[in-house]
Amino acid sequence: MNVAEWILVVMLSVTLLIFLIVGIILFVKLIDVSKEMKKVMVESQDIAKNANGIVSNVKGMTSIGGTMEMFVDKYINPKLKEKIKERKEDGGRKAEE
């Protein structure tokens, strides 16, 4: 091999080594970032659950919120359950015919 070829091989080898080291460092940093993202997701889920609890409490304390909740629980939910039951029964009859 000529001297020029050896110089090119050395330059390519050094470049490959640099990219390999940078790639390994980047991969390790991405793993660390993914661990941090997992922690953030867990914390945000806890915050969302707490916020939902607070909203439920505030909704129950307000007069219109409590009234609407009672109305839905006493009148709308039973009627919806009846309709669902009727549709299931009608579906069974249609399948038999």
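**View 1. Leu80 sits in helix α2, residues 63-96.** Helices here are DSSP runs of H or I with at least four residues, strands are E runs of at least two, and both are numbered from the N terminus. This is a predicted model, in which local features need pLDDT of at least 70 and side-chain atom pairs count only at pLDDT 80 or more, while totals for chains, interfaces and linings use all residues. Residues are numbered from 1 along each chain as its sequence is written, and side-chain values use heavy atoms, with hydrogens and water left out. Leu80 is partly exposed, at 47% relative accessibility (buried is under 20% relative accessible area, exposed over 50%, partly exposed in between; 1.4 Å probe, protein chains only).

**View 2. Lys39 and Glu36 form a salt bridge, 3.7 Å from N to O.** The term needs a side-chain nitrogen of Lys or Arg within 4 Å of a carboxyl oxygen of Asp or Glu. Both residues belong to helix α1 (residues 3-61), three residues apart, about one turn of the helix. Lys39 is exposed at 52% relative accessible area, and Glu36 is partly exposed at 44%. The structure holds one salt bridge.

**View 3. The chain has two helices and zero strands.** Of its 97 residues, 1% count as buried.
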